Amino acid sequence: MEPLYQQTHKHVHEIQSHMGRLETADKQALHLVENEIQASIDQIFSQLERLEILSSKEPPHKRQNAKLRVDQLKYDVQHLQTALRNFQHRRCAREQQERQREELLSRTFTTNGTQKKILDIANMLGLSNTVMRLIEKRAFQDKYFMIGGMLLTCVVMFLVVQYLT
């Protein structure tokens, strides 16, 4: 059991060092490194199954210690598996953000095109360009009436507070 344990323990440390390569690998080599790490983790899980069987065959005074060592290795490998999944999830999220960013940058936003579409729709509804211009002019005038009314209200409130208090 001891040589297999040592070999498995060595593989765990190798995977830990490979995890550092994930951060520095370029996009093309990244998938290869991920697959290599996943294959190593799968291999270690099969070795752990064999170690569990062998630890149950140990003499009674060594059995508990052997099982603890195997459980510790299993915990370490599960931790590595989780770290790999987290890295893959972050990578996928980052790639999706990059795709969305490129998609947004490739779009062209024009207000003139939107205004033209609105006029086209209004024409389809039977409103003429002159009616549309009158509506726009009226909206422009209404904005000034609203601002004037707000200013007049503020002045009246100021005068009421000034002279009645």
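1. Basis. This is a predicted model, so local features need pLDDT of at least 70, side-chain atom pairs count only at pLDDT 80 or more, and totals for chains, interfaces and linings use all residues. Residues are numbered from 1 along each chain as its sequence is written, and side-chain values use heavy atoms, with hydrogens and water left out.

2. Terms for helices. Helices are DSSP runs (H or I, at least four residues), numbered from the N terminus. Two packed helices are described by the angle between their axes and the distance between the axes. Axes are lines fitted to C-alpha atoms, for helices over the stretch in contact, and angles run from 0 to 180 degrees between N-to-C directions.

3. Helices α1 and α2. Helix α1 covers residues 2-24 and helix α2 covers residues 27-56. Their axes come within 10 Å and cross at roughly 160°. The two are therefore roughly antiparallel (angles over 145 degrees). The crossing of α1 and α2 is left-handed: the near helix is turned anticlockwise from the far one by less than a right angle. By class, this contact of α1 with α2 has 14 nonpolar, 7 polar and 4 charged residues. Here Ala, Val, Leu, Ile, Met, Phe, Trp, Tyr, Cys and Pro count as nonpolar, Asp, Glu, Lys and Arg as charged, and the others, Gly among them, as polar.

4. Helices α1 and α3. These pack at an angle of about 20°, with their axes 11 Å apart. They are therefore roughly parallel (angles under 35 degrees). The crossing of α1 and α3 is left-handed. Contact means heavy atoms within 4.5 Å. Among the residues making it are Tyr5, Val12 and Ile15 of α1 and Leu73, Val77 and Phe87 of α3. By class, the contact of α1 with α3 has 11 nonpolar, 4 polar and 5 charged residues.

5. Helices α2 and α3. The angle is about 160° and the axes are 10 Å apart. That makes α2 roughly antiparallel to α3. Their crossing is left-handed. The residues of the contact of α2 with α3 divide into 14 nonpolar, 7 polar and 8 charged.

6. The core. A nonpolar core is a set of buried Ala, Val, Leu, Ile, Met, Phe, Trp, Tyr and Cys residues joined through side-chain atoms within 4.5 Å. Buried means under 20% relative accessible area (1.4 Å probe, protein chains only). The largest nonpolar core has 19 residues. Those with the most contacts inside it include Ile15, Ile37 and Leu51. Helices α1, α2 and α3 (60-106) each give two or more residues to this core. Helix α2 gives the most, with 7 residues. Ile37 touches Ile15, His18, Met19, Leu22 and Leu84, not counting residues up to four places away in sequence.

7. Buried glutamines. Gln81 is found in α3. At 9% relative accessibility, Gln81 counts as buried. Gln81 touches Gln38, Ile41 and Phe45, not counting residues up to four places away in sequence. Gln47 lies in α2 and is buried, with a relative accessible area of 8%. Gln47 touches Leu4, Gln7, Thr8 and His11, with residues up to four places away in sequence not counted.

8. Leucine 30. Leu30 lies in α2. Leu30 is buried, with a relative accessible area of 7%. Leu30 touches Leu22, Ala25, Phe87 and Arg91, leaving out residues up to four places away in sequence. The C-alpha atoms of Leu30 and Leu125 are separated by 56 Å.

Terms used. Angles under 35 degrees count as roughly parallel, over 145 as roughly antiparallel, 65 to 115 as roughly perpendicular and the rest as oblique. Buried means under 20% relative accessible area, exposed over 50%, partly exposed in between (1.4 Å probe, protein chains only).
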